[in-house]
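My entries follow in the order in which I made them.

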Amino acid sequence: MYAEIIIDITNEALDRAYTYHIPEGMDLHVGDRVTIPFGASNAEKTGYVVGLRENFDYDPSKVKDIVAVIPDAISVQEQLIHLAAWMSTEYGTTMNQCLKTVLPVRRTVRKNARRIDPVRMYQNEQDEYHDLNPAQAQAAAAVIAGYQACVAKRTASPVTSVPGDTETAEPESTGTSALAEAKAAGEAAPADGHPVPRYLLHGITGSGKTEVYLHIMEEVIRRGDQVILLIPEISLTYQTVRRVSTRFQGRVAILNSRMSIGERFEQYTKCERGEVNVLIGPRSAVFAPFERLGLIIMDEEHESAYKSETAPRYETRDVAYERARLAGCPVLYGSATPSLTIYSAALRGEVQLLELLERAHAGAKLAETEIIDLREELAKGNRSILSERLYTLMQEKLEKKEQIMLFMNRRGYSNFVSCRSCGEALKCPHCDITLTLHRDGSLRCHYCGYQTRLMKLCPSCGSPYLAPFGFGTEKLESYVKKIFPTASVLRMDADTTKRKGDHERILEKFRKHQADILIGTQMIVKGHDFPDVTLVGLIAADLNLSAPDFKASERTFQLLTQAAGRAGRGAQAGTVIIQTYQPDHYAIVLSKRQDYRAFYEKEFRFRKLMGYPPTERLMTIQLASKDEDFLSMVSSAAAEGFQLDCSAEGAELIGPLEASVYRINDVYRKIVYIKHPSHDIIIRLRDRFTERVRQHDRRGLVLLNFDLQ
Ligand code: ADP
Ligand code: ZN
Ligand code: ZN
């Protein structure tokens, strides 16, 4: 047996793994720390095992032996390497790619850069401390008890028996084929029960989940342990960051997507050195190099931003659990609208359910919600984007100097431009998607970034009758400004938040009541706490319902429930107006009632009937290539033989189909779905399919992308 070993753990050095021979009788695992002879002088160095392999096509007499395994406590780096090995198996990606995901890039910030400390930026207000109400206290006590039990275990048993230590995944490293890797992945050990506790804090919006987190964190920090607080995106949870960094001044590090690599590394270093006890950040914060990790909190657990869009396409929910098992600490998930996955796990008893059913703020009530049928508006002759009811309420609120939020899940001015003569819509030349018109007259592709000017004549038929259709946030803004000329309006979407600090500026301005109306995409929907907002308008609530995704209803329900939760958080009651063409859809009706449990039951039955997650596992394999014919050939040929593999395992195979957007950036994409209740069978079939693809595509021209749900 041979081992792949990296000497330095810097991201730049990861590509250079060296092969060593494993002496007879040495028991070695991926992630182990070893001493090895290195270089011409054979000086002893420390390295990490990143892969194991049966044979090695190189002169065996030239391969050196590993000297010894270092039987140390599991260091944080070993934990992270174990985590990478687990991810490599789970998500079908190379160990290298996983290591790059898990380990921070080491780069220092340039000295002369004039910067504000990213944490200080948030601490500009008084801490609003609350004693917990009975429901909050009960939830906090449960998690603290779980944490204390973990601490007791940690001190009682030698560190080498950290749960998850028995990992037998043996993915290979550098230069190995996806096939060999896939093989190693297939032999991975399944999860061994649930050695660390998991909790789901299901609390309605405004029930004080954040306050519960803060109290639990206090206890963990008091004992000198460390906490990872995951949030979907800083922009979505500005409020949380502000409260945590104010409460634990000087003990908090922050990550966000707008930081430079050097700035991120600076924050990671603070974690590594133990200078802070808390890291707040998006999904990559789950890899915080904390030596004394005591708790992982994942706020807004249902958020889709927690799923990585690039390989390894990991689910933060699962990685957090694996990390917690390696560290021997609990995980706390929190949401007003938990994912079906976590809620069903809670009902099965795998995750302990903690509930907050009332708003925390004395007197704060859930908002009154009204559903407006847009078809009736049209029948009444109202062709405006605002229903009569919403318009009237806006007028009322503006007179009373109360604040309004308008939500529209589409940015830009008009969502497409088409020709009234020939009916052609203007499309991106590189993608199968219509171009979006922006107010500056540019047409942009929201998939690849292509940009052009709006032409005078139709490129298909030459007629001058090009007309914009549909609505985006930009058009909504100019419309609202036109009909309410004295109101001050802010807009927050991807186009207005391109620079660092834009989010914070807009939100802070609105929070200080320097504007009456905030218009935005889903960015404005979540986690913000604006006490003066008494009206929330959801302009086109069903925009996402018809998306080709089995989670379309779940996403819509979550979005509407969260948006509705924005109104009436202060003393005044709030109103929520949901404008829709599908007023009877259960996702809309039940979000009006804020009835999570009823939605869950209904949606779960639908998933069960259709064999969708969480009742079964679903593997989506995307095959991509610039060569359309070759892609067709390979995907059909691979799927043909693969049908037999699936039948043998009793799994369902769907496809190959064209992806819903078949071409993006001139790359064609086909999709194959595999469904089966067993996680391990799905993983095995994924690897089988990969083999079959490579039989027809020996040069590896077709790119494979796996998505496990
Ligand atoms: P969530 O995260 O569940 O939406 P928050 O933690 O933001 O809720 O709390 C909502 C509001 O209630 C905040 O303004 C918060 O300061 C307040 N709050 C939280 N806990 C209490 C409490 N125990 N007593 C009074 N007010 C509270
Ligand atoms: Zn035309
Ligand atoms: Zn494009």
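Predicted model: local features only at pLDDT ≥ 70, side-chain atom pairs only at ≥ 80, totals over all residues.

**Entry 1: backbone, phi.** I looked up Glu 300 and placed it in the loop between strand S10 (293-299) and helix H8 (316-327). Glu 300 is not a glycine, yet its phi is positive, at about 50°. I logged it because most residues other than glycine have a negative phi.

**Entry 2: backbone, omega.** I then turned to the peptide bonds, most of which are trans. The bond from Pro 613 to Pro 614 is cis, and its omega is near 5°. I located Pro 614 in the loop between H16 and strand S24 (617-625). Gly 655 and Pro 656 are also joined by a cis peptide bond, with omega of about 5°. Pro 656 is in strand S25, which covers residues 652-664.

**Entry 3: helix pair.** How do H9 and H16 pack, and at what angle? I read an angle of about 100° between H9 (residues 340-347) and H16 (residues 596-610), with the axes 11 Å apart. Angles of 65 to 115 degrees count as roughly perpendicular, and H9 and H16 are therefore roughly perpendicular to each other. On the H9 side I listed Leu 340, Tyr 343, Ser 344 and Leu 347 as making the contact. H16 contributes Tyr 596, Arg 597, Phe 599, Tyr 600, Glu 603, Phe 604 and Arg 607. Sorted by class, this contact holds seven nonpolar residues, one polar and three charged.

**Entry 4: ligand 1.** Which residues are closest to ligand 1? I found His 130, Asp 131, Gln 136, Gly 206 and Lys 209, out of 19 residues that surround ligand 1. The shell has nine polar, seven charged and three nonpolar residues. Helix H5 (residues 209-222) gives the most to this shell, with three residues.

Next I checked polar backbone atoms around ligand 1. One such atom of Asp 131 is 2.8 Å from a nitrogen atom of ligand 1. A polar backbone atom of Gly 206 is 2.8 Å from an oxygen atom of ligand 1, and for Gly 208 I noted 3.0 Å to an oxygen atom of ligand 1. Last, I looked up the cover: ligand 1 has 560 Å² of accessible area on its own, and the protein covers 86% of that.

Key. Residues numbered from 1 in each chain as written. Chains lettered and ligands numbered in written order. Heavy atoms only, no water. Axes fitted to C-alpha atoms, helices over the stretch in contact; angles between N-to-C directions. Helix = DSSP H or I, 4+ residues; strand = E, 2+ residues; numbered from the N terminus. Parallel < 35°, antiparallel > 145°, perpendicular 65-115°, else oblique. Contact = heavy atoms within 4.5 Å. Nonpolar A, V, L, I, M, F, W, Y, C, P; charged D, E, K, R; others polar. Near = heavy atom within 4 Å. Polar contact = N/O pair within 3.5 Å; in protein donor to acceptor, adjacent residues only side chain to side chain. Areas by Shrake-Rupley, 256 points an atom, 1.4 Å probe, with all protein chains shown as cover.
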